Amino acid sequence: MPLAAHLRELRDRLLRAVLAIVAGTILAAFFYDQLLDFLTVPYFQAVETLEENGQDINEALTFSGIADPFTFALKISLVAGLVVSSPIWLYQIWAFIVPAMHRNERRWTILFCAIAGPLFIIGFITGYLVLPKGIELLMGFTPDFASNFNALPDYLAFVLRILLVFSVAFEIPLFVVLLSAMGAVSGAQLARSRAWIIVGTFVFAALATPSTDPLTMVVLALPMTLLFLIAEVIAHLVDRRRAKRAAAEGLAVSDDAMSEIVVERNLDDDRPSDLDDDETGGSRPAP
C-alpha cells in the first residue's frame, strides 16, 4: 500500500476514534449526577467513618472559581467518554497496525488484550475499594483547629491517579509473562530474583497507596505478589515447552550456557592492503 493510502487510512481511523470519544462524552454528560455520586462515595464514606470515631472535621468539597463547576463537569464527562468509547478507539488502533503484524504476533496481541482487560478492571475495583480507607487516614491528620476544604478538581485528579496506579499495577505480572514468552527473561531468573521482587512489590505498594496504613499497602501488595507467582509458574512452563521444542530440533542449549562463537577467518583479511592497487583491483603503473 502506498504511503498516501496509509495516511488516508490513518486520517479516517483517527476521525472515527475522535467521533466515538465525542459521542461517549455527550452520552456521559447525561449521567453527570450519577458519575459524581460514584466518585464522591469514597470521600463521604471516609468522613462518616471519622465522625463515627469521634473526629469531627469541618470539611467540604468546594469549587474555587465561577467556571469551575462547568469545567469539572466537562472533565468528568470526557473521562467517562474515553472509558465508554474505549472499545471503538482501541479497535481503530488495532485495525491500523494489524496488517503489519505476523500471524504469531496477532495471536499474542489478542491473548494480551484478553488478559489485560480483566486485570485492569480488577485493579480498578481494588483501588476503588481501598480509597475510603486511604482518604479516612489522610484526613485523620487534620488538626482540631483546622478545616479541610478540598477542591473538587483536585479531588478528581487524586481519585483518578489512585485508580490508575492500582489498575496498571495489576498489569505488571502480565508483562513478565510476555517477556518470558519473548525469551527476554526465564523462569529460573525469576526464581532467583523472587525474594527481591516481592520486597520491591511491597515497597511499590507502600509508595503507591495514599495512606500510611499497612492494611492498604497489603491490599495492593498481596494480589500483585500472587499474580507474580502465577507469572513465574507460567514462565517455567514456557521454558519447559521451549526446551522440549529445542530438544526435538536438536538445539537444546541451557539458557545460562555460554555459546561458543566461531569466526571463519579468511587469510586474505590479514594481508596488508596494497596502496598501489587501483579501484579496479589492478596495479597502478610506476611513475
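Colleague: How do the side chains of glutamate 232 and arginine 194 meet?

Modeller: They meet in a salt bridge, 2.7 Å from N to O. Glutamate 232 lies in helix α10 and arginine 194 in helix α9 (residues 194-208), so the pair ties together parts that are 38 residues apart in sequence. Keep in mind that this is a predicted model.

Colleague: Why can such side chains pair?

Modeller: Side chains of opposite charge can pair when their charged atoms come close.

Colleague: Are glutamate 232 and arginine 194 buried or partly exposed?

Modeller: Read the relative accessible area. Under 20% is buried, and over 50% is exposed. Glutamate 232 has 5%, so it is buried. Arginine 194 has 34%, so it is partly exposed.

Colleague: How many salt bridges are there in the whole structure?

Modeller: A search finds four. One of them joins glutamate 9 and arginine 13, at 3.2 Å from N to O. Both residues sit in helix α1, four residues apart, which is about one turn of the helix. Another bridge pairs aspartate 12 with arginine 11, and their closest N and O atoms are 3.3 Å apart. Aspartate 12 is partly exposed, at 29% relative accessible area.

Colleague: Next, rings. How many aromatic pairs does the search find?

Modeller: It finds four aromatic pairs in the whole structure. Take tyrosine 43 and phenylalanine 44: their ring centres are 5.4 Å apart and their planes stand at 85°, so this pair is edge-to-face. The cut-off for that label is an angle over 60 degrees. Tyrosine 43 is buried, with 1% relative accessibility. Phenylalanine 44 is partly exposed, at 45%. Phenylalanine 63 and phenylalanine 72 are also edge-to-face, with 5.7 Å between centres and 65° between planes. Here phenylalanine 63 is partly exposed at 33%, while phenylalanine 72 is buried at 2%.

Colleague: Which residues do ring pairs link into a cluster?

Modeller: Tyr43, Phe44 and Tyr155.

Colleague: Now a helix. Which residues of α7 are buried?

Modeller: Helix α7 covers residues 172-182, and its buried residues are Pro173, Leu174, Val176, Val177 and Ser180. Look down the axis: these buried residues fall within an arc of 155°, so they line one face of α7. After the helix comes glycine 183, with a positive phi near 85°.

Colleague: What about the surface? Which residues make the nonpolar patch?

Modeller: Val18, Val22, Ile26, Leu27, Phe30, Phe31 and Val84 make it, and the patch is about 700 Å². Helix α1 (residues 3-29) gives the most to this patch, with four residues. Valine 84 belongs to helix α3 (residues 68-84).

Colleague: Can we go back to α10? What does the side chain of threonine 225 reach?

Modeller: The side chain of threonine 225 reaches the backbone oxygen of alanine 221, at 2.8 Å. Threonine 225 is in helix α10, which runs over residues 214-248. At 10% relative accessibility, threonine 225 counts as buried.

How values were computed
Residues numbered from 1 in each chain as written. Predicted model: local features only at pLDDT ≥ 70, side-chain atom pairs only at ≥ 80, totals over all residues. Heavy atoms only, no water. Phe/Tyr/Trp six-rings, centres within 6.5 Å; stacked < 30°, edge-to-face > 60°. Buried < 20%, exposed > 50% of the residue type's maximum accessible area, 1.4 Å probe, protein only. Helix = DSSP H or I, 4+ residues; strand = E, 2+ residues; numbered from the N terminus. Arc of directions from axis to C-beta. Patch = residues over 30% accessible without salt bridge, like charges linked within 9 Å, V, L, I, M, F, W, Y side chains within 5 Å. Areas by Shrake-Rupley, 256 points an atom, 1.4 Å probe, with all protein chains shown as cover. Polar contact = N/O pair within 3.5 Å; in protein donor to acceptor, adjacent residues only side chain to side chain.
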